[in-house]
Amino acid sequence: MRRDFENREALALYLAQEFPQAARIDGQISPMRGGRKAAELLLAEINPDRYSLSRNYLDGRITRLSPYIRHGVVTLKETKELAIAKVKDRLQAVKFVTELAWRDYWQRLYAMLGKGIWEDREELKTGLPVDAYKQSLPEDITSATTGLACMDAFVRELRATGYLHNHSRMWFAAYLVHFRRVRWQAGARFFLSHLLDGDPASNNLSWQWVASTFAHKPYFFNRENLEKYTNGLYCNSCSKRGHCDFEGSYEQLQDKLFRIQL
Ligand SMILES: Cc1cc2nc3c(=O)[nH]c(=O)nc-3n(C[C@H](O)[C@H](O)[C@H](O)COP(=O)(O)OP(=O)(O)OC[C@H]3O[C@@H](n4cnc5c(N)ncnc54)[C@H](O)[C@@H]3O)c2cc1C
């Protein structure tokens with residue numbers, strides 16, 4: 001593989017020629033820079049204290065290290081040690097190190113389960129039969145034309161950057177599986193074909209956690225929750241505000257979406 005290019009456009013052109021199948025799925029190239037130097041800039045920015053307070057917010061102090069960790073540019077061990085070295089009391093790094101541990105846990109399960117991560121690990125806890133869920137992604141989702149400002153923005157961001165915040169991944173997965181009744185595998189395949197950190201273990205087992213085939217209950221959310229953690233970024237300008245799929249209390253949504261008392 002060539003490694004030197006006059007500019008980024010030349011690199012993009014070369015990649016499209018070398019990987020025509022990938023270019024057909026999506027021709028957009030993420031602005032994210034690869035390599036150890038770019039990763040070190042992000043490592044230097046880790047702030048475990050602020051991370052634990054703000055992780056769930058879209059503008060929170062997350063690291064964006066996942067593509068580098070996924071591809072072995074940095075290790076979990078060095079990330080963990082650096083985070084602990086940055087705090088006065090080790091307890092301040094607990095939240096951050098716990099998230100790193102999730103990645104390790106999913107990897108260990110993958111080593112045990114192999115292709116089994118594509119199968120439901122447990123029965124659904126939604127009270128619905130498996131055949132209540134569609135096998136493939138609806139077209140309005142992949143083309144970002146649902147009319148829901150949040151979900152359409154997530155799809156555009158995923159395609160353009162190859163990255164999504166953890167909370168956006170959770171909201172999108174819950175929307176697809178519970179609000180649109182699509183099998184989690186269809187969503188997992190969609191994510192894996194676009195995420196720069198796309199990893200079968202973290203991805204599929206997280207999708208299963210949302211779907212409830214690897215959790216004791218389904219994960220879902222209401223508009224209030226999404227609005228809070230996005231600071232109104234999508235809801236304020238959404239044409240469906242006030243009558244979107246996510247309006248209502250958790251109890252009301254639970255009755256609408258599932259066939260059991262949670
Ligand atoms: C539906 C869904 C699909 C996902 N698919 C992937 C995937 O394909 N690849 C992937 O690496 N992560 C995946 N995740 C986990 C998580 O969303 C990303 O690791 C995280 O958002 C990456 O951003 P960051 O580097 O800024 O994370 P930070 O919050 O800064 O965390 C630091 C590192 O810890 C690890 N980490 C953090 N949160 C998690 C988590 N919940 N599970 C496992 N590891 C975590 C990652 O390696 C991450 O880079 C998925 C989550 C969901 C809900």
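This is a predicted model: local features need pLDDT of at least 70, side-chain atom pairs count only at pLDDT 80 or more; totals for chains, interfaces and linings use all residues.
**Two helix pairs**

Helices here are DSSP runs (H or I, at least four residues), numbered from the N terminus. Axes are lines fitted to C-alpha atoms over the stretch in contact, and angles run from 0 to 180 degrees between N-to-C directions.

| Pair | Angle | Axes |
|---|---|---|
| α9 and α10 | about 115° | 10 Å apart |
| α10 and α12 | roughly 60° | within 9 Å |

The second pair, α10 and α12, is therefore oblique. On the α10 side M170, A173, A174 and V177 make the contact, and on the α12 side W207, V210 and A211; two residues are in contact if their C-beta atoms, placed from the backbone, lie within 7 Å. This contact has 7 nonpolar residues, no polar and no charged. For these classes, Ala, Val, Leu, Ile, Met, Phe, Trp, Tyr, Cys and Pro are nonpolar, Asp, Glu, Lys and Arg are charged, and the others, Gly among them, are polar.

The crossing of α9 and α10 is left-handed (anticlockwise by the same rule). Here C150, M151 and F154 of α9 meet S168, W171, F172 and Y175 of α10. That contact divides into 6 nonpolar, 1 polar and no charged residues.

**Domains and ligand**

The chain is divided into domain 1 (31-116) and domain 2 (130-257), with bounds from an automatic or database domain assignment. Their centres, taken over C-alpha atoms, are 23 Å apart. Each domain gives 16 residues to the contact. On the domain 1 side, α5 and α7 supply two or more residues each, and α7 has the largest share, with 5 residues.

Both domains also give residues to the shell around the ligand, so the ligand lies between them. This shell has 27 residues, the closest being T63, S66, N166, N203 and S206; a residue is near the ligand if its C-beta atom, placed from the backbone, lies within 6 Å. At least two shell residues come from each of α5 (66-70), α7 (94-113), α10 (166-179) and α12 (200-211). By class, the shell has 12 nonpolar, 7 polar and 8 charged residues.

Definitions and conventions. Residues are numbered from 1 along each chain as its sequence is written. Angles under 35 degrees count as roughly parallel, over 145 as roughly antiparallel, 65 to 115 as roughly perpendicular and the rest as oblique.
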